Number of protein chains: 2
Amino acid sequence: VPLTFPLGGGREFDRIREIARVLGAGAAQLGDDCALVHADGATLALSTDVSVENVHFRTEWLSCTEIGWRAAAGALSDLAAEGAEPIGLLAAVTVPPAARDADVTAIMEGVGGAVTAVGGTVLGGDLSAGGAWSVAVTVIGRASIPVTRAGAQPGDSLWVTGVLGAARAALEAWRRGDVPTAAARAAFAQPTPRIAAGTWLARHGARAMLDLSDGLAGDAAHLAAASRVGLAIALDSLPITADAIAAAGTAGIAPGRFAAEGGEDYELLVALPPAFGQPEADRFRRECGVALTGIGTVEAGQGVRFELGGRALALEGFDHFR
Amino acid sequence: VPLTFPLGGGREFDRIREIARVLGAGAAQLGDDCALVHADGATLALSTDVSVENVHFRTEWLSCTEIGWRAAAGALSDLAAEGAEPIGLLAAVTVPPAARDADVTAIMEGVGGAVTAVGGTVLGGDLSAGGAWSVAVTVIGRASIPVTRAGAQPGDSLWVTGVLGAARAALEAWRRGDVPTAAARAAFAQPTPRIAAGTWLARHGARAMLDLSDGLAGDAAHLAAASRVGLAIALDSLPITADAIAAAGTAGIAPGRFAAEGGEDYELLVALPPAFGQPEADRFRRECGVALTGIGTVEAGQGVRFELGGRALALEGFDHFR
């Protein structure tokens, strides 16, 4: 039984492919940002996302409130990518031995802050002892016009919301022992799930959409695989933050490559039909308060062709298993 | 803002009380087995439950398939306790460095086995690296007649499904380096969520219900607190497995106490109205294939009075934070 939403490359995705093969009909819709459940007249979108200490964050980098916010925002971003509006979330938190009660409360204040900021509530949770912090967040939302990863068609154009690269800039600053800029730090610590942007795009004809949790390089391959199309992406046209441009210079990497290979931006990648052009993107920006930038096209074929300075470039996605 | 469903004692529950206080209206329905979400005509029940290596299980005790099954069954048990029927679940799994790909697949085979056995599917999931195994399972079901913890009334009778104590018997055998009996091992490794029993009880007037994940001693206090009543429970009347009676003998504890203080039984505790008696319990047993045993009564007041051999007894719940 193949995945309903085929995935791009990477060890995590090989594991998911194998799980889907073994579970067969018992796991029919793995591979999209959200699962869709139809209950009477409503279509509900659900997704789960776990954030683990020393894998996704370090306590030296983030406060407990930020750890909780970031974990919730990452899961809520999957609702945005489906064009869904949040109802709420559940959070299962494992608490290391040295944690104080106030740390646990702060984690959940962050979780609560992220979900109430987009109109949802904390529906439930679970607390357990554990060796390190982990925050597994499951979100549920309403998707009146669900947008999967699977609808892109040759001739569509590709767009991204917001600006890319700031989360990677923060991460690289911490990793070399520096202090990130306030803007880069905020992008990593308190990302904004693009809920209003996602529902706007769903209402305006989005054919396929996902969020850039693992970075454009890896995530674009998932959209291509699920839609059974090829993508051509011009890295020179990516919207990149000043922090990321500076950090790319420090690292000696072209900014377009730096931004495409960095994870955790939680912006949306969306395929829109040919009739969608710059006037519609300008209207999106006015109504959602976020940029929408054309970065490429959908073609017949498969895989993703990245170009930088007129030359083809092979890119690697961001993989927490590496 | 007090919890909608007040909780009994214990450090985990003190933490939940504090989280609910801080989140206020952003977390309005914490404290029940499930959160209820109303979507068009449907009432959906959701719950999340995390199972952590070296806290809830050891890999020396269980196979990967059993670890997955048990984690899923524990979460599904919360649907049973709400009188809900499963739609499916999402599983966020953290994978330790030494794990093989086949272990990850086996965990998810166990998760899938538990949910397909009760008519649901694996809707989604997330994989992450981590220091140890953890499996955070979020379940969603339909609750046409939801039963919370909050409806017990003085004059109701208290009942439990199945037989108690086998999971504790297995746990104590492992802890002293012994091999548990096959029956005790199966009770711990592959518990059966009481879905059919829960929906039967919901249809037959159940006023308040929860599952005995933390053991009768602790969980009965939650039902009393949420319903704002007192409970009187006769430990001599508890249904106890032969393994648990033997293990209680080894430990030098009265079997009723051994069973009430042991967690992980995943049986249901239910308050039923005065008209529900032994004939109805016999019918339950015929239709659900599980015993239903009267163990006490609901009174005006608060807290839980346990009696053993005609004498009052103070009991402690099973707390993973100890």
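**Figure 1. Salt bridges across the predicted model.** Counted over all chains, the structure holds 34 salt bridges, and the structure shown is a predicted model. Side chains of opposite charge can pair when their charged atoms come close.

**Figure 2. The salt bridge between B:Arg149 and B:Asp32.** The closest N and O atoms of B:Arg149 and B:Asp32 are 3.9 Å apart. This pair links distant parts of the chain, with B:Arg149 in the loop between β5 (134–142) and β6 (157–161) of chain B and B:Asp32 in the loop between α1 (11–23) and β1 (35–39) of chain B, 117 residues apart. Both partners, B:Arg149 and B:Asp32, are buried.

**Figure 3. The salt bridge between B:Arg70 and B:Glu264.** The side chains of B:Arg70 and B:Glu264 meet with an N to O distance of 2.8 Å. Because B:Arg70 belongs to helix α2 (residues 64–81) of chain B, while B:Glu264 sits in the loop between α9 (255–261) and β9 (268–272) of chain B, the pair ties together parts that are 194 residues apart in sequence. B:Arg70 and B:Glu264 are both buried.

Figure 4. B:Arg257 is partly exposed, with a relative accessible area of 27%, whereas B:Glu261, with a relative accessible area of 17%, is buried.

**Figure 5. The buried and exposed faces of helix α10 of chain A.** In helix α10 (residues 278–288) of chain A, the buried residues are A:Ala281, A:Phe284 and A:Cys288. Seen down the axis of α10(A), these buried residues fall within an arc of 50°, and they therefore line one face of the helix. The exposed residues A:Pro279 and A:Arg286 are carried by the face of α10(A) that is turned away from its buried side. Among the elements that cover the buried residues of α10(A) are β6 (157–161), α6 (195–203) and β10 (292–299) of chain A. The residue that follows α10(A) is A:Gly289, and its phi is positive, near 70°.

Methods:
Residues are numbered from 1 along each chain as its sequence is written. Chains are lettered from A and ligands numbered from 1 in the order in which they are written. This is a predicted model: local features need pLDDT of at least 70, side-chain atom pairs count only at pLDDT 80 or more; totals for chains, interfaces and linings use all residues. Side-chain values use heavy atoms; hydrogens and water are left out. A salt bridge is a side-chain nitrogen of Lys or Arg within 4 Å of a carboxyl oxygen of Asp or Glu. Helices (H or I, at least four residues) and strands (E, at least two) are DSSP runs, numbered from the N terminus. Buried means under 20% relative accessible area, exposed over 50%, partly exposed in between (1.4 Å probe, protein chains only). The arc is that of the directions from the helix axis to the C-beta atoms. Contact means heavy atoms within 4.5 Å.
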